Number of protein chains: 2
Amino acid sequence: MVGVKKLVGSVGMLAGGRKASIKDIARLARVSHPTVSRALRGSPKVRPETAARIRKIAEEAGYRPSAAARSLVMGRSLTVGVVVTNIADPFVAGVVSGIEDLAEQHGYSVFLADSNSDPEREVRVVRSFEERRVDGIIVTSSRVGALYVPVMEQMHVPVVLLNNQHPSEFANSVVIDNVEASFAATRHLTQLGHRRIAYIGDRFGHQSDTDRLAGYRRAVEQSGTEFAAELVVHGDGKPEGGEQAMSQLLELPNPPTAVFCYNDMSALGALRQIRARGLRIPQDVSVVGFDDLFFDVYLDPPLTTVRQPMRQMGHMAMETLLQILGGEQHTHNVKVPGELIIRGSTAIRKGN
Amino acid sequence: MVGVKKLVGSVGMLAGGRKASIKDIARLARVSHPTVSRALRGSPKVRPETAARIRKIAEEAGYRPSAAARSLVMGRSLTVGVVVTNIADPFVAGVVSGIEDLAEQHGYSVFLADSNSDPEREVRVVRSFEERRVDGIIVTSSRVGALYVPVMEQMHVPVVLLNNQHPSEFANSVVIDNVEASFAATRHLTQLGHRRIAYIGDRFGHQSDTDRLAGYRRAVEQSGTEFAAELVVHGDGKPEGGEQAMSQLLELPNPPTAVFCYNDMSALGALRQIRARGLRIPQDVSVVGFDDLFFDVYLDPPLTTVRQPMRQMGHMAMETLLQILGGEQHTHNVKVPGELIIRGSTAIRKGN
DNA sequence: CTGAAAGCGCTTACAG
DNA sequence: CTGAAAGCGCTTACAG
């Protein structure tokens, strides 16, 4: 029989590299292993003194219950899978931070998978989540939803789409009110007197791009200006794409005096292109972004943008999952309002 | 008996919400469940036709082996735990992206835990990894290493410290050559003629801060200038801290003409503070950062910095883990060289 | 209050 | 080539 001393000598480990199991603790405490299980889980059915003694022994032995064994019998893993398109995108990182925070508070561990916007990989990743028997899945900003939504439907695991590009009445989702937020952002520009306002979109943005374009268009038309297709150019949601789009816009015979960008990352590129041409922000061109990423306020001038509460949205997605796991039936469609943050990159149009 | 049709009707699921198990497939294929196991794992001991038939049935039934059951018997989970201090930090996100990439390629899933630099939470997180029986752990930029290094030593799970703050000859680590990189960065400034060069550190940076300070100091002294303690101010590794530190420096009777910052995030704050005082970059003050985050090149002027190959470092950490899991005994201490990237935020000192 | 038994879903010797 | 048995580490009725 293994003595207490022996176990303490190499905490949590037995000879042969085996981790201490509930049976080892049972042997040390001279009780049956079910009793150990009950004691450790705080069951009222075990005598308090016995329970205390067992807990002490388990503690000394550095015992840690095996989550795998537990999930096998419990039928749930206390695990959620998070699929992202790119963890290095600050928006995504903010969302994940919020998800992880709430998950940890509720005893859930999170699997992170980065699809890199590769459809095949995204499917592979979801499959691996299925094998891991995750209790739920959160998908952020997926660009290939159409491809694997059917895969997920077969999984019978609750899924929450965050900033999803393929919304559905039947899917749970957390999303910002893109139309309203973009309307507000663009109206801010029309109110500053701008009439030639461009939109730099994200060609991978699907639904959110469509909605932001719609809000933009509504504000433009509401200002009494006709919508001009030439003022809408799509980038890739990254600085590079924003820069190219801006370049194209500035070469127009009648270039815009203001630009509303799909996101701050695109705006970053647009800003650089404007400066590269010797134009000033906001005197020559006003720029509005979307997201309110941390660096906005450190740009010169600071970027006017629409705040998207990333962390909070991550929280909400996890919260939704918890409610569904708690038995709620109806699908949740949370729509968060955006908030226009006016800073130095926008100004009244110069008379031309 | 459950018919094939029935199963296909609700792929992967049986009545009662149970997922199809190996036994269900065995029943459908009229073989024993060990045979199913062998067929699915591609064992050569099963007749090819039988294997094919079983695989087809499993496929149709949407069968996915349970990772939990498998790890229980195999003794490994094909899982790694990644502890970060803050996933919203772009450096950390870049590293995680690299880790996840290589992990996925090798069939490993990654658990992500964000400690938020909270020591208690960090310990809790490591404990949960222990229960999950992760095969290895990677810790990024931990500020509280001292607190839980002992905890990890008890776990008997290989640990790789990335950009760790409490290095040890006995721990595996991946780290940039901080001293050399900082020396190069600072020498770049001395070569531009600067003699009043400040260092904005990270008071939470421990080892890396100490090393960067050392490299800075060596370059300063090598230029024939005496080290001046007043030119060293510590921030918190974030823009706010960098801004405050810069403010303090600019109020010196004899302010610096150049600053070397612990990281780009600190530099972001320093840049703003410099501009806030009506000074120009680089004409009045030259600034060098560290990390080469994505936004550097979009700043005006673009930031001179030391490139830290974040993604590659993540790769290396995972690679190290894989080698150890593959049986290698010796500890790995990978030191990556940094690369000075000269951009517009540094210039020759004006004659004063 | 405590223990013996059964079972979660797999894999791997061991027989045949 | 295939199956019966045992076991990985837990939990939960079921007896006592």
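1. Let me start with the surface near DNA strand C, whose residues divide into twelve nonpolar, seven polar and six charged. Here Ala, Val, Leu, Ile, Met, Phe, Trp, Tyr, Cys and Pro count as nonpolar, Asp, Glu, Lys and Arg as charged, and the others, Gly among them, as polar. This is a predicted model, in which local features need pLDDT of at least 70 and side-chain atom pairs count only at pLDDT 80 or more, while totals for chains, interfaces and linings use all residues. Residues are numbered from 1 along each chain as its sequence is written, and chains are lettered from A and ligands numbered from 1 in the order in which they are written.

2. Helices (H or I, at least four residues) and strands (E, at least two) are DSSP runs, numbered from the N terminus.

3. Now look at DNA strand D. Of the 25 residues around it, Ile22(A), Pro34(A), Ser37(A), Ala69(A) and Arg47(B) come nearest. The elements giving two or more residues here are helix H3 (33-40) and helix H5 (67-74) of chain A, together with helix H3 (33-40) and H5 of chain B. The largest share, five residues, is that of H5(A).

4. How many residues does each chain bring to the contact between A and B? Chain B gives 47 residues and chain A gives 47 residues, where contact requires C-beta atoms, placed from the backbone, within 7 Å. On the side of chain B that touches chain A, H6(B) supplies the largest share, eight residues. That side is made up of 22 nonpolar, twelve polar and 13 charged residues.

5. The two chains also share strand pairing: S2 (residues 109-114) of chain A and S2(B) run antiparallel and are joined by three bridges. Phe111(A) has Phe111(B) as its bridge partner. Strands pair if DSSP finds at least two bridges between them.

6. In chain B, strand S1 (residues 79-84) has six of its six residues buried, so it is largely enclosed by the rest of the structure. Buried means 20 or more other C-beta atoms within 10 Å of a residue's own, with C-beta atoms placed from the backbone. Thr79(B), Gly81(B) and Val83(B) lie on one side, and Val80(B), Val82(B) and Val84(B) on the other.

7. S1(B) has two parallel partners worth a look. Six bridges link S1(B) with S2(B), and four join S1(B) to strand S3 (residues 136-140) of chain B. Val80(B) takes part in both pairings, with Val110(B) in S2(B) and Gly136(B) in S3(B).

8. S5(A) runs parallel to strand S4 (residues 159-162) of chain A, with three bridges, and Leu162(A) is partnered by Val174(A). Strand S11 (residues 333-336) of chain A also pairs with S5(A) in the parallel sense, over four bridges, and Val175(A) stands opposite Lys335(A).

9. Lastly, Val259(B). Leaving aside its neighbours within four places in sequence, Val259(B) is in contact with Ala198(B), Ile200(B), Met246(B), Leu249(B), Ala270(B), Val285(B) and Val287(B).

Notes:
Two residues are in contact if their C-beta atoms, placed from the backbone, lie within 7 Å. A residue is near a molecule or strand if its C-beta atom, placed from the backbone, lies within 6 Å of it. A residue is buried if 20 or more other C-beta atoms lie within 10 Å of its own, exposed if 12 or fewer, and partly exposed in between; C-beta atoms are placed from the backbone.
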